[in-house]
Amino acid sequence: MSLYIETQGSGPIPLVMLHGWAMHGGIFKPLVDALHEHCTMYLVDLPGHGFSRDCGLPLEPQACARAIAEATPSATWLGWSLGGLIALQGALDWPQQVRSVAMLCATPRFVSGEDWPQGRDPALVRQLATDLETDYHATIERFLALEVMGSPDPKAELRKLRTEVFARGEPDLRVLQEGIRLLDETDLRASLPQLNRSSWWSAGRLDRLVHPSAMEWSAQASQGEFHVIARAGHAPFLSHADAVAQTLRPWLEANA
């Protein structure tokens with residue numbers, strides 16, 4: 001089975017949108033509504049997620065980037081959270097298809113290290129991997145709770161995420177495990193100076209999963225454009241869709 005890709009919007013700017021771990025393309029609806037007249041959007045359900053649940057592709061950046069590049073027109077790629085790693089990989093491997101790359105609460109490396117204190121504790125990521133084996137739903141619930149930490153209205157945002165997470169069926173356990181491994185092992189920092197594509201980086205000031213300082217460093221390394229949404233957490237397209245669109249639209253128009 002091939003990837004499920006939904007087309008939305010009627011605007012002149014093509015935009016591929018890549019969701020985060022355990023989610024699906026439908027999660028972007030508030031941002032899709034805000035960009036509807038400006039963009040034609042290709043909402044990808046990544047392998048094992050949403051309506052791509054039976055797609056046999058591994059949740060691996062190069063494999064996913066290739067499949068998406070072959071199934072969509074030349075466009076800007078926007079990646080949220082884990083989706084940002086795939087968007088970056090696409091820009092590096094398929095520059096003829098990826099006109100520019102937009103990173104929304106996403107960095108080239110998720111976990112921390114001696115030279116990357118801005119990342120998340122690797123022990124947390126590995127615990128999620130262990131927990132998946134014993135309590136699938138509780139592990140997803142725990143990750144959703146991490147995503148809304150710092151949000152100005154965490155209860156409302158958590159309700160939205162809970163509503164959406166299984167709206168297109170349950171994600172495949174195999175790809176959830178692959179996604180945790182991807183977050184644990186992927187490191188694209190060294191490739192940022194070779195990105196050779198305009199990049200846009202937008203952080204939530206209150207994000208507790210992807211620290212704004214990590215995104216600012218990444219924007220500088222790639223000579224990209226950096227923005228911070230003051231009162232947003234890890235999912236600003238839910239809580240601050242208009243603010244995201246206001247900074248994204250001029251950049252999209254300049255790099256279409």
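Axes here are lines fitted to C-alpha atoms, for helices over the stretch in contact, and angles run from 0 to 180 degrees between N-to-C directions. Helices (H or I, at least four residues) and strands (E, at least two) are DSSP runs, numbered from the N terminus.

This is a predicted model: local features need pLDDT of at least 70, side-chain atom pairs count only at pLDDT 80 or more, and totals for chains, interfaces and linings use all residues. Residues are numbered from 1 along each chain as its sequence is written, and side-chain values use heavy atoms, with hydrogens and water left out.

Helices first. H4 (residues 122-134) packs on H5 (residues 136-148) at about 150°, axes 6 Å apart. So the two are roughly antiparallel (over 145 degrees; under 35 is roughly parallel, 65 to 115 roughly perpendicular, the rest oblique). Contact means heavy atoms within 4.5 Å. On the H4 side, the contacts include Leu124, Leu128 and Asp131; on the H5 side, they include Tyr136, Arg142 and Phe143.

Now the strands. All six residues of S4 (residues 75-80) are buried, so S4 is largely enclosed by the rest of the structure. Buried is under 20% relative accessible area, exposed over 50%, partly exposed in between (1.4 Å probe, protein chains only). Pairing takes at least two DSSP bridges between two strands. S2 (residues 13-18) runs parallel to S4, with four bridges. Met17 partners Leu78 there. S5 (residues 98-104) is also parallel to S4, over six bridges. Ala75 sits opposite Val98.

Last, cysteines. Cys55 is buried, at 3% relative accessibility.
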